[in-house]
Amino acid sequence: MSSSETDERDVDHENQGQDEVHEAQGDRAHRKIAIYSDPGRTSLIMRKILDEQNRDWAQEYSVEHEQVLIPLRKDGTLDLDTAQQWARDSEADITVVVTEVPRTAGRRSKTTELHFQEKLAVISLPALGPVGCRGGLRFQLNGAVRALIHESADEARVKGGLINQVRDQRGEDTVYINPRAPVPSRIWMLMGMVVANEPLWSMLKLSKVFAAGVATGAFGVFFTTIWEMSNALPWWRLALASIIAVTAMVAWLIVSNRLWDRPADFGGRREAMVYNASTVLSLLVSVTSLYLVLFFTILAMALMLIDPGFLAESVEDADGEFINYVEIAWMAASMGTVAGAFGSNFDDNVAIKDLTEGSREAQRYPRDEEQS
């Protein structure tokens, strides 16, 4: 064989190897990850993560992100069949569903569920807890993609991709991941649900209640009877009045807006109990914040309008010190909260649908012909 023929074969062999590399890189470039996330806060966090461009799989996969309300089946579970159909329509190799629906396995909550045969990951945002949601979601997303690159859970365990706290689930080659939480996982998830309800933003929807509370609490600034009563009551009675006022407002808002969820509406008693607990805690945060704003508003009014000398002359045992003004504002804020609660409501009834987890989940259920 001549040297020229040998050189040609060597060149052909080298070109063949380069062609294989280019084909492999081309295959990777055409791989697609379809991410479907719930509207609102969930999609906002997801978009921020995708904008970071610091993922180790970003060069191998193209990402298609869509904001869509993930539907529920009639039994209260996520309709993953619909999500998989979306992925087939988009010809995705890996599908990731990010939802604000709390997901559990018995007494444990699930942050991520991996279906290796379907190449599907489901990440529950509330299970990530009340703090560090963005970092937690980034961690779960990267881990899910690294794991689903492999063909099975066993292969992912051997070659890497599955993090700690992984548990097998009923079904073919399906696992789920427990959250790493400083408290029991279901309590951690409940706290995450409260944050997802954004209770401080809900407080802004109670401006009518606040206006009624200020109007009623103003009586405490102008009437000496309230001064005398607040001075005579011990601190624990004033604290009890605050608790009663906040509780009364929370109860009124739940009853008047039908925010209490029934077990038949959400797949069972346990699910309804979690939703109702998150509703109560969210409203407690909103109303307590509103109470504090009302207290400091009335305190500012009292300090500005009530002369210390006149206060000392009008109330026995009062010397016009700052503590007397605090007691007046404390008493008047409790009165204003109770008076502002009954007969008042949210500024926008449409906003109630986004106020609690249960109200938002009700929008996911399939409607029958009579409801459509």
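Q: Before we start, what makes a helix crossing right-handed or left-handed?
A: A crossing is right-handed if the near helix is turned clockwise from the far one by less than a right angle, and left-handed if anticlockwise. Keep in mind that this model is predicted.

Q: OK. Which hand is the crossing of α6 and α12?
A: Right-handed. Helix α6 covers residues 185-196, and its axis lies 9 Å from that of α12.

Q: At what angle do α6 and α12 pack?
A: About 50°. α6 and α12 are therefore oblique to each other.

Q: Which residues make that contact?
A: From α6, Arg 186, Met 189, Leu 190, Met 193 and Val 194. From α12, Arg 270, Val 274, Tyr 275, Ala 277, Ser 278, Leu 281 and Ser 282. The α6 and α12 contact residues divide into eight nonpolar, two polar and two charged.

Q: And α11 with α12, how do their axes cross?
A: At roughly 125°, coming within 9 Å. α11 is residues 235-256 and α12 is residues 269-305. This crossing is right-handed.

Q: Who meets whom there, in α11 and α12?
A: Among them, Val 246, Met 249 and Leu 253 in α11, and Val 280, Leu 283 and Tyr 291 in α12. The contact of α11 with α12 has 11 nonpolar residues, three polar and no charged.

Q: Switching topic. Is Ser 230 buried or exposed?
A: Buried: its relative accessible area is 1%. Ser 230 sits in helix α10, residues 224-232.

Q: What does the Ser 230 side chain reach?
A: The backbone oxygen of Trp 227, at 2.9 Å.

Q: Which residues does Ser 230 contact, leaving aside neighbours within four places in sequence?
A: Leu 238, Glu 327, Ile 328 and Met 331.

Conventions: Residues numbered from 1 in each chain as written. Predicted model: local features only at pLDDT ≥ 70, side-chain atom pairs only at ≥ 80, totals over all residues. Heavy atoms only, no water. Axes fitted to C-alpha atoms, helices over the stretch in contact; angles between N-to-C directions. Helix = DSSP H or I, 4+ residues; strand = E, 2+ residues; numbered from the N terminus. Contact = heavy atoms within 4.5 Å. Nonpolar A, V, L, I, M, F, W, Y, C, P; charged D, E, K, R; others polar. Buried < 20%, exposed > 50% of the residue type's maximum accessible area, 1.4 Å probe, protein only. Polar contact = N/O pair within 3.5 Å; in protein donor to acceptor, adjacent residues only side chain to side chain. Parallel < 35°, antiparallel > 145°, perpendicular 65-115°, else oblique.
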